[in-house]
Amino acid sequence: MSTASVYLSYAFIYFVLFIAVPFIAVTFVMTCIKFFKSETAVPVHAKIKDRLFDNESLGFLKSLKSLTKGEYEICSHVPLESVIEVNADEAEPHGYLDYVLIDQNSSEIKMVISDFSDKSSAEIKPLLQKLNIRLIDMKRNCPMDKQHLMQALAA
């Protein structure tokens, strides 16, 4: 037997013992962990809401859609961050706008209908007025009549 074949035999044995066998063992253990892992996750007790809007809000949204006659897209409960872009050095206002009317042709915001009576919304109102967005202050518990909405949309 030559010296080269002895070295190759030892190299093969060390390869099998220190590389192949540990690789196979680790692969087997990881497979066992994956397939025989116990399901100890806490179940989530949640369900989808029956309605996203109450009947009054849904009725107002439908009447608003019929009044706009397809000229505007109507978004409801819009986060203010998606409407207003503020410089990095200024504090970004937070809040939600009840209804935002967007022009289909120019994709500009034409009107905001929201309740500006609470503190966070009261801070938003002057900012929206500076940006020349038409605002309608509508209390959430008493929606506006159709006649007033038609006048506001015509203006």
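**Ground rules.** I'm working with a predicted model, where local features need pLDDT of at least 70, side-chain atom pairs count only at pLDDT 80 or more, and totals for chains, interfaces and linings use all residues. Residues are numbered from 1 along each chain as its sequence is written, and side-chain values use heavy atoms, with hydrogens and water left out.

**Aromatics.** I searched the whole structure for aromatic pairs and got two. The rule I used takes rings of Phe, Tyr and Trp (its six-membered ring) with centres within 6.5 Å; planes under 30 degrees apart are stacked, over 60 edge-to-face, and the rest tilted. Y10 and Y14 make a stacked pair, 6.5 Å centre to centre with 25° between the planes. Both sit in helix α1, residues 3-35, and they are four residues apart, about one turn of the helix. (Helices are DSSP runs of H or I with at least four residues, strands are E runs of at least two, and numbering goes from the N terminus.)

Next I checked Y14 against F18: ring centres are 5.8 Å apart and the planes are at 20°, so this pair is stacked. Y14 and F18 are also four residues apart in helix α1, about one turn. I noted Y10, Y14 and F18 as one aromatic cluster.

Y10 is partly exposed at 48%, Y14 is partly exposed at 48%, and F18 is exposed at 59%.

**Surface patch.** I found a nonpolar surface patch of about 910 Å², made by Y10, F12, I13, Y14, F15, L17, F18 and I19. Patches take residues with over 30% relative accessible area and no salt bridge, joining like charges within 9 Å and nonpolar side chains (Val, Leu, Ile, Met, Phe, Trp, Tyr) within 5 Å. The areas come from the Shrake-Rupley method with a 1.4 Å probe, and for residues only the protein chains shown count as cover.

**Salt bridge.** The count came to one, with the rule being a side-chain nitrogen of Lys or Arg within 4 Å of a carboxyl oxygen of Asp or Glu. E108 pairs with K110, the closest N and O atoms being 3.5 Å apart. E108 is partly exposed at 44%, and K110 is partly exposed at 27%.

**S114.** I placed S114 in strand β3, residues 109-114. Buried or exposed? Buried, with a relative accessible area of 0%. The S114 side chain reaches the backbone nitrogen of D98 at 3.3 Å. My polar contact rule is a pair of N or O atoms within 3.5 Å; within protein, one must be able to donate a hydrogen and the other to accept it, and residues adjacent in sequence count only if both atoms are side-chain atoms.

**Positive phi.** H77 has a positive phi of about 55° although it is not a glycine, and H77 lies in strand β1, residues 72-79. N132, not a glycine either, has a positive phi of about 60°. N132 is in the loop between α3 (119-130) and β4 (134-137), and counts as exposed at 69%.

Technical notes
Buried means under 20% relative accessible area, exposed over 50%, partly exposed in between (1.4 Å probe, protein chains only).
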